[in-house]
Every structure is written in C-alpha cells, then in structure tokens.
Amino acid sequence: MHPSDPIHGHVAASRLQLPPGHWSCLLDGLCARFPRIDRARWQDRFARGLVRDLQGRALLPGQPWQVGLEIQYFREVADEPLIPHREAILHADAHLLVADKPHFLPVTPAGEYVQQTLLARLVARTGNPALVPLHRLDRLTAGLVLFSTCVETRDAYQRLFRERRIAKTYEAIAPALPGLTFPHERHSRLVPGEPFFRMAEAPGEPNARTRIEAIEADGVHWRYRLSPETGRKHQLRVHMAALGAPILGDDLYPDLRGAGEDERDQPLQLLARALAFDDPLTGEPRGFTSELKLEPR
C-alpha cells in the first residue's frame, strides 16, 4: 500500500511492480504470483475494474505481462470480521487528524481486515482519501493515532517521529512490582524472536529504552505510566514481561496464549494516553490526550 493510492469503497489500493516472468497475460501472472487467490476472484476483480494502472485506468485480464509495469488492485476479504468498537475523532484541522482507536481495531489493512480498520473508517467519515497514519499502534492496543490530512505538509510531521521529537505516554495495568524503585529505566536490546512475530531481549548494545512509573500502586495489579524513548516493535510489552509484570491481556508475552482462548475476554490493558510535540509548521506546543480508560474485566 502506498500513501497516495486511491480509495475503492474506502479501502486503499495495493500496488505491485510486475516482476520478471514468462506469463502470457496479466491474469495468468497474477494467479501465479498470488496462488492463494483463485482465478475466478481475479477475473471478478478485472470485470469490476478493480485492477488498474497508476493513472486509474482499468486493465484487461488478457493484456500482456509487462515486466516493471506498476499496477494497483483492491483487496477484498470475504466474511471480514465485524469490530463493534467505535473510534472517535478528537481533533481535525487542515494538516492533522487525531483519532482515539479502540482495542481490536487495526490501523491499516492487513490479513483478514480491510474495511474494519481505523484508516478505512476515517476515510469514510471524512471523505478524505489523503489520510495517512503517521505512526502505528498494535491492533490490540487502544488510544491515540495521529494522521496526516495533507500531502504537502506530511513530511514535516513524519519527521517528528523519525527524529524522536514527539513525546509518547502510555498507560498499562499489570501485576504489582513492590520490589522495584520508581521511576525505573528499562534498557535492553530487542531482536526478532520465535515465532517470527514476537520480539525478545538479547545481549548487546541496548536499542530499546522505556521509563516506567507506578501511578496507582494498590492491590495485586498496578497502573503504570510508560514513556518509550525508542519505538521498537512490542517494546512496552516485552519490557513489562521481562520485569515479571506482563501487561494484563497480553497474548504474546511472556508466553503465547492458547489458540482456544478468546482475546476479547480480556483486552490488552495498554493505552496510548498522550502525545506532545512542538508543531513543525508554527513552533507552537501541542498536546493530545485519549478519552479512553483502561477497565480490566
């Protein structure tokens, strides 16, 4: 997917540069390239004009396979799971949109989710196909997501994240850590783990840093404020689990949750609570706070 792709039914197009191959036509090549998508589905996409060139012109299934040609196609998922939780728009202007994302809603299309994503819903609500998320939250994490609404100023806001000039604050509910002195700094090296979608701490120069504070220290479960200085995949989840306090509802750390367990019985108790930065266009300080609350069941 590319930020400037058009929208079909509020879903961004996927792009593909045709690789080398000896297929006689587009249909044959796409069927070979994507063996999990049956031929009839590709024929249906062509028939409805859902396979196009970059100028938006519909392509024909019998057109020659042209190596290097960039095409766009629109993914559709049969029986896509419905996510009943609703997002909220907290702020919108000519350059930025700030959304409050509920648990379970992906930010962008992936896997079995296409329409049921924060991006698709916001494009439908605002009518703005130029929306692009400036950062990501895991599907199971709730809270603030910042979107660019304008192509011309997008890079200025993207640089805030690339250059780590934006302060992110999270809240989490996890087991008590009475033996730890707060605030606590967790610095470690995170590397891909097993299976491939998990991360793990490893020896070596730290590449992940988190400041941890206890803001409600009563009972067996405490409420924590987590301030990541870096943005590694699953950083907060790994760091809390490594301290012996895995975030409630975590299905990956310290161990994989059993396949038969329903994740919605206990949402991950992790919330992107606040974002703060100096606006790159005006220099004015800006801050946003989520209106969602963590409520463990």
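Me: How much space lies in the second largest pocket?
Reply: This is a predicted model, where local features need pLDDT of at least 70, side-chain atom pairs count only at pLDDT 80 or more, and totals for chains, interfaces and linings use all residues. A pocket is an open set of points on a 1 Å grid over the protein atoms alone, with protein on both sides within 12 Å along at least five of seven lines. A volume is the space filled by probe spheres set on the points, which are joined across faces, edges and corners. For the second largest pocket that gives about 280 Å³.

Me: Which lining residues are the closest to the centre of that second largest pocket?
Reply: Residues are numbered from 1 along each chain as its sequence is written, and side-chain values use heavy atoms, with hydrogens and water left out. Lining residues have an atom within 4 Å of a point. The second largest pocket has 13 of them, and the closest to its centre are His103, Pro267, Lys293, Glu295 and Arg297.

Me: How do the residues of that lining divide into nonpolar, polar and charged?
Reply: Ala, Val, Leu, Ile, Met, Phe, Trp, Tyr, Cys and Pro count as nonpolar; Asp, Glu, Lys and Arg count as charged; the others, Gly among them, are polar. The lining of the second largest pocket divides into 7 nonpolar, 3 polar and 3 charged.

Me: Which element gives the most to the lining of the largest cavity?
Reply: A cavity is a set of points where a 1.4 Å probe fits but cannot get out. The search finds 1 cavity of 30 Å³ or more, and about 50 Å³ of space lies in the largest cavity. Strands S10 (166-175) and S15 (270-278) each give two or more residues to its lining. The most, 4 residues, come from S15.

Me: How many of the residues lining the largest cavity are nonpolar?
Reply: The lining includes His135, Leu144, Lys168 and Arg273. Charged residues number 2 and polar ones 2. The nonpolar count is 6.

Me: Why do the buried residues of H2 line one face of the helix?
Reply: Helices (H or I, at least four residues) and strands (E, at least two) are DSSP runs, numbered from the N terminus. Buried means under 20% relative accessible area, exposed over 50%, with a 1.4 Å probe and protein chains only. In H2 (residues 39-47), Trp42, Arg45 and Phe46 are buried. Seen down the axis of H2, with directions taken from the axis to the C-beta atoms, these buried residues line one face because they fall within an arc of 100°.

Me: Which exposed residues sit on the face of H2 turned away from its buried side?
Reply: The cover over the buried residues of H2 includes helix H1 (26-33), strand S4 (51-53) and strand S5 (70-73). The face turned away from that buried side carries the exposed Ala40 and Ala47.

Me: What do the buried residues of H1 pack against?
Reply: In H1, Leu26, Leu27, Gly29, Leu30 and Cys31 are buried. Contact means heavy atoms within 4.5 Å. The packing partners are strand S3 (14-17), H2, S4 and S5.

Me: Is Leu177 buried or exposed?
Reply: Leu177 lies in the loop between S10 and strand S11 (184-192). Leu177 touches residues including Phe182, Trp222 and Leu243. Its relative accessible area is 9%, so Leu177 is buried.

Me: What share of the residues in the chain is buried?
Reply: The chain has 5 helices and 16 strands. Of its 297 residues, the buried share is 46%.

Technical notes:
Lists of a residue's contacts leave out its neighbours within four places in sequence.
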